[in-house]
Amino acid sequence: GINTVEDFDRVLKCGADKVSVNSGAIRNPDLIKEAALKYGDQCVVLSCDIKRVDGEFRLFAKGGREDTGINAIEWIKKGVSNGAGEIVVNSIDTDGVKIGFDIEMLKAVCEVVNVPVIASGGAGCSEDFVKLFNKIPTIDAGLAASIFHFGEVQIKDLKKLLKENKINVRI
């Protein structure tokens with residue numbers, strides 16, 4: 001529900017350090033620049049729901065329900081040039097299917113930006129994180145939900161496995 005700079009202000013005043021925006025930025029691309037100028041690039045997180053359409057990485061809106069027709073890689077490059085200080089890449093193709101992160105999509109994003117990139121969508125087990133960080137050493141984080149919520153993976157066990165595989169992690 002982030003659609004205006006006032007929405008950024010409201011969320012930050014509630015204690016957030018960063019604000020993630022997706023559909024609001026698609027409706028108003030200047031929102032990224034306005035928020036970055038007012039609060040700093042480090043505060044603006046561009047969240048992107050991406051799916052392959054006819055061999056192209058396409059940006060989706062409204063929680064992944066609406067194809068915008070926008071090339072996702074170009075959108076991300078533009079977002080970073082406008083002041084997004086971090087990118088969350090959610091692969092609609094892998095989200096919820098627990099077959100691993102979308103390495104191809106994430107590599108394509110990491111190759112065109114110099115800001116932190118967070119992978120989302122696809123984690124089904126601890127080894128998926130090891131694969132992510134080994135295949136894309138420049139990725140900054142891996143995000144997952146259901147495997148933690150349903151107790152399929154314990155965070156302490158995941159951190160131990162990452163450390164054993166010489167992947168930088170806070171214990």
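Q: A disulfide is a pair of cysteine sulfur atoms within 2.5 Å. By this rule, how many disulfides does the count come to?
A: This is a predicted model, where local features need pLDDT of at least 70, side-chain atom pairs count only at pLDDT 80 or more, and totals for chains, interfaces and linings use all residues. Residues are numbered from 1 along each chain as its sequence is written, and side-chain values use heavy atoms, with hydrogens and water left out. A disulfide is a covalent bond between the sulfur atoms of two cysteines. Here the count of disulfides is 0.

Q: How far from C14 is the nearest cysteine sulfur?
A: C14 is in no disulfide. Its nearest cysteine sulfur belongs to C43, and the distance is 13 Å.

Q: Is C14 buried or exposed?
A: Relative accessible area decides (buried is under 20%, exposed over 50%, partly exposed in between; 1.4 Å probe, protein chains only). C14 has 68%. So C14 is exposed.

Q: Which cysteine has the sulfur nearest to that of C110?
A: C110 counts as buried, at 15% relative accessibility. C110 is in no disulfide either. The nearest cysteine sulfur is 12 Å away, and it is that of C48.

Q: How many helices and strands are in the protein?
A: Both are DSSP runs, numbered from the N terminus: helices are H or I with at least four residues, strands are E with at least two. The protein has 8 helices and 7 strands.

Q: What radius of gyration does the protein have?
A: This radius is taken over C-alpha atoms, and the globule rule is 2.2 Å times the number of residues to the power 0.38. For 171 residues, a compact globule would come out near 16 Å. The protein agrees, with 16 Å.

Q: What percentage of the residues count as buried?
A: The C-alpha trace spans about 45 × 40 × 30 Å along its principal axes. The protein has 171 residues, and the buried part is 47%.

Q: Among contacts between residues at least 6 apart in sequence, what percentage join residues at least 24 apart?
A: Contact means heavy atoms within 4.5 Å. Of the contacts that span at least 6 places, those joining residues at least 24 apart make up 59%.

Q: How far apart are the mean positions of the positive and negative charges?
A: Lys and Arg count as positive, Asp and Glu as negative; His and the chain ends are not counted. Each charge is placed at NZ of Lys, CZ of Arg, CG of Asp or CD of Glu. There are 23 positive and 25 negative charges, and their mean positions are separated by 4 Å.

Q: Which residues of helix 6 are buried?
A: Helix 6 covers residues 126-135. Its buried residues pack against helix 5 (103-110), strand 6 (117-120), strand 7 (141-143), helix 7 (146-149) and helix 8 (155-164). These buried residues are S126, D128, F129, V130, L132 and F133.

Q: Leaving aside neighbours within four places in sequence, which residues are in contact with S126?
A: S126 lies in helix 6. S126 is buried, with a relative accessible area of 14%. Beyond four places in sequence, its contacts are V153, L158 and L161.

Q: How far apart in space are I155 and R65, C-alpha to C-alpha?
A: I155 sits in helix 8. It counts as partly exposed, at 48% relative accessibility. I155 and R65 are 90 residues apart in sequence; in space, C-alpha to C-alpha, they are separated by 30 Å.

Q: Leaving aside neighbours within four places in sequence, which residues does I26 contact?
A: I26 belongs to helix 2, residues 23-27. I26 is buried at 18% relative accessible area. Its contacts beyond four places are L59, F60, A61, T68, I70 and W75.
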